[in-house]
Amino acid sequence: MGESSSSQAMDVTEEYTHDIENQDALRQSLLRKRNQLSASHLAMVGAKVSHIESLDYEINESDLFKHDWRNRTTTEVLQYVSLKWAMAFLVGLLTGVIASGINLAIENIAGYKMLTVVNFVREERYLAGFWYFSGVNLALTAIAATLCVLFAPTAAGPGIPEIKAYLNGVDTPDMFGVNVLLVKIVGSIGAVAAGLDLGKEGPLVHIGACIASLLSQGGSDKYRLKWKGLKYFKNDRDRRDLITCGSSAGVCAAFRSPIGGVLFSLEEVATWWRNALLWRAFFSTALVVVVLRGFIELCNSGKCGLFGAGGLILFDVSEVMVTYHIKDLLPVTIVGILGGVLGGIYNILLPKVLRVYSMINEKGRLAKFLLAIGVCVFTSVALYFLPFLATCQPCDESLDAICPTTGRSGNFKQFNCPNGYYNDLATLLHATSDDAVRNIFSTSTPNEFRTFSLSIFFAIYCILGLFTFGIAVPSGLFLPIILMGSAYGRLVAKAFSAYIQIDPGLYAVLGAASLMAGVMRMTVSVCIIFLELTNNLLLLPIMMFVLLISKTIGDAFNPSIYEIILDMKGLPFLEANPEPWMRNITVGQLADAKPKVISLKVVEKVSRIVEVLRHTSHNGFPVIDLRSDSENSVKEIHGLVLRSHLIKILSKKWFQEEGKRTTEQEVRANFSPVELAEKPEQFKMDFTEEELDKYVDLHHFANTTPYTVVETMSAAKAMVLFRQVALRHLLIVPKYQGPEIEPIVGILTRQDLRAHNILNAFPDAASHAHKN
C-alpha cells in the first residue's frame, strides 16, 4: 500500500515536471523573457517624491482576528455600526462648514479686489488699477505657493489622482495629514481669489478626504485621540470607506450636488463599492447640502459681507422652457464632437506641460515658487488688459436686467465704457470664477457676448488652463474646463443662431459638460451634476446625447486626464480592464520572472525572521507547515503573515525557548487585533545571540485563508481578481501536488500585474498578441 501511494506520487511528480518542461518550451517560442519583473516604489504624491506601499484591504482571517469577531457582543457590534454613521455625519458636517468658509473668504477677498479695480478704471487710472490688481494677485499666490512649497508639498494640485490611487489600494504617504488639510484650505482660498485659472472643486474633494481620514484615525500621527471607540477603525478597510464618503462630500460641497457627489465617487474615484457604502456616502452629501443651505440663508440676510447670492455655482434655469427641434440636432452634435476632440487634445498637451514643470521643480523650492509667481503675473496681465480690446456695446433696454452694472458681480459690466454701454469681455474676465460661469450661462441674452469676445475668452482660458495646472498651489480642473467648454458652446450657438431653438446660455452648459466628458471621461456623474446645477430636468435627454458623443470620441484619443496623471506620477494604479495580450501570459510565467519566493515555517527561529526582514522589503510571507505521516512528509500552506505583524512580535520579544506551538490564550494575553491592525513604529532589530536562537510561533498570526490561484491562470484574469477583491498579495500554487513539489510557486503584488512592468520582462507579449 505504501509503495503504491509512493509510486503514484512519483508518477504525478514526473507528469508535472514533464508538463512544465513542455510549457517552458512553448513559452520560449512565443514569449521571450528579457528581464525580471521589477518596479519602482517611488512615486510623486502631490509635488513630493514618496516611497509607495500597498494597503491591506483584505480581511485577515488569522486565529487571533477570528476569535475577536466571534467574541464581539451585540453591544459592540451596534457601537461599531453606529460609529460608522456618526463618522459619516461628521464628515458631511465638517466638509460643509469648511466649504462654506472657503466660499465666504474667496468671495470677499476677490470681491473687494474687484471693487477697487472698478473704481480705478472708472477714474481712468488704468496703470494704478493694474498695479493694484497684479499686486494683490501676487500676494495671494505667494501665500498659497509658500505654504505648499515649505509646509505641505502633497497639498499641491487637486489631490484627486492620489485619492483614486488610495482607494485602489496604494498607500499615498503624507496625503491626509493635518498640515495638508490646513494648507489645502488656505492655499485654495489664496489661489482662487488671486484669479488663477483653477477651481476649488478638486481641493474640496481632497479636503473631504482629509477630514474623513483624520476622523477615522482619531487625529494626526503626532496628536491622536486614544478614545477606545476608535479602535474599530484602526484598519485600512474602514478608513477607505470613510475617505470615499469624504470624496463624495467634497464634490457635493463644490457644486451643491448631493447625488452627483455620490455618483462621482462611484464612477471616478472608488475602485470598490457596496450598498452600505452607498447609503453612508449619500448621508454625508445630504448633510453637506443642509449646511450649505443654512449658510446661504444666513448670507442672504446680509451678514456675509460681499458674499450675497454668489459664491456657490448655482445656475437656476427651472423657469426656462427647453424645447427641441430637428434643427438643433446638428449644432448639439457639433458641441459633443468638439468636446471629445478638444478633450483629447487637452489630454495630449497637458502632460507635456507637466513634464516641463517637473524639470523646473527639480531645481528646488525657489524654482517652484518662481514658477507659480510667473504664471500669476501672466494671468494678471491677460485678465486686466484683454477687456480693453473689446468695444463697448449699447445696453438693450428690452432686457429685464440691470445694464450696465458697476459692482463686483453681475452681467453687462460697464468697466471702461460710458453710461448706457457695457464691456462684454470684462463681464467674463473681470469677475470671480463663479460669477464668470454664472454670466456665460445666463439665459435670454443671445446677443450679450460677441463672437470676437467669446473667441478671446476661449483662447486665453485654453492657454491658462494648460499652464496654470501643475504649479505648486492647490488647484482643480473642474472650473477651467467648465469655462473653456462654455465658451465654445456659446460660439456654436452664435454660428447657428438663425436655426437653433435652444437658448445660447444652455448651449454654454452643454459645451461645459461636453468638455468635462472629453477630458475626464465621466458621463453619469457629470450629467447629474449639471442637472442639479441647472435645476432643469428637461435638459436630461440632450445632455446625455452630448456626453455620450464626447466620451466616445475622447476615448479614441487617449485615457482620461486623471489616468494620465496617475501614470505620470508613477502611482501603481490597476485599471479596470487588463490589456488583451495579458491573456497569453500565465501567472506561473510571471512567478518565473521573479526571484524565488521567501517563506517561513509555522514555528520559525528569530534569527531567520530577522534575516528575512533585514534583507527583503516584502510585506507578506507565506507560512509553510510540514505535515508528516508514517510514509512521507508533505509541505502545506498554513497562511500568509504580514511584515507589520512580524515587527510587532519582534518589538515585544515574544519568543519561546523551544520550537513548539503556543496556545491561543498565550497569544491573546500579549497581542490584540487592534494592536496588530495599527502600523508599526520604527524598530531597530538589535538582539542578543541568545534571543536569536529562540523561536516564534506564527500559527495564530498568519491569515489562514489567503487568496490563491493556480499557476495556469492568465495574468488578465488574475489582475481582475486582484483589483475587484482589493488584494495586496496573491499566492500562486502549483497545478499538481506532491511530496517533492513546493506548495508555493510564487507570490504576486500589484506591481507584478501592471502592464508596463510585464512588458519590461516580456517585451514580445504585446507584439505576439497583435500577430494572432
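Which hand does the crossing of H9 and H10 have, left or right? The legends below go through this and other close-ups. This is a predicted model, where local features need pLDDT of at least 70, side-chain atom pairs count only at pLDDT 80 or more, and totals for chains, interfaces and linings use all residues. Numbering starts from 1 along each chain as its sequence is written, and side-chain values use heavy atoms, with hydrogens and water left out.

**View 1. Helices H9 and H10 cross in the right-handed sense.** Right-handed here means that the near helix is turned clockwise from the far one by less than a right angle. H9 covers residues 258-269 and H10 residues 275-300, and they pack at an angle of about 140 degrees with their axes 8 Å apart. Axes are lines fitted to C-alpha atoms, for helices over the stretch in contact, and angles run from 0 to 180 degrees between N-to-C directions. The pair is therefore oblique (under 35 degrees is roughly parallel, over 145 roughly antiparallel, 65 to 115 roughly perpendicular, and the rest oblique). Pro 258, Ile 259 and Val 262 of H9 meet Leu 278, Ala 281, Phe 282, Thr 285 and Val 289 of H10; contact means heavy atoms within 4.5 Å. Helices (H or I, at least four residues) and strands (E, at least two) are DSSP runs, numbered from the N terminus.

**View 2. Strand S1 shows its two faces.** Buried means under 20% relative accessible area, with a 1.4 Å probe and protein chains only. S1 pairs with strand S2 (residues 48-51) in the antiparallel sense over 4 bridges, and strands count as paired if DSSP finds at least two bridges between them. Follow Leu 42 across and you get to its bridge partner in S2, His 51.

**View 3. Three strands form an open sheet in the order S7-S9-S10.** Pairing in this sheet is mixed. S7 (600-601) and S10 (633-642) sit at the edges with a single partner strand each, so one side of each has no neighbour in the sheet. Helix H23 (residues 643-652) packs on the sheet and touches S7, S9 and S10, its direction making about 85 degrees with that of S10. S9 (residues 620-628) and S10 run antiparallel, joined by 9 bridges. One place to look is Val 623, whose bridge partner in S10 is Gly 639.

Technical notes. Buried means under 20% relative accessible area, exposed over 50%, partly exposed in between (1.4 Å probe, protein chains only).
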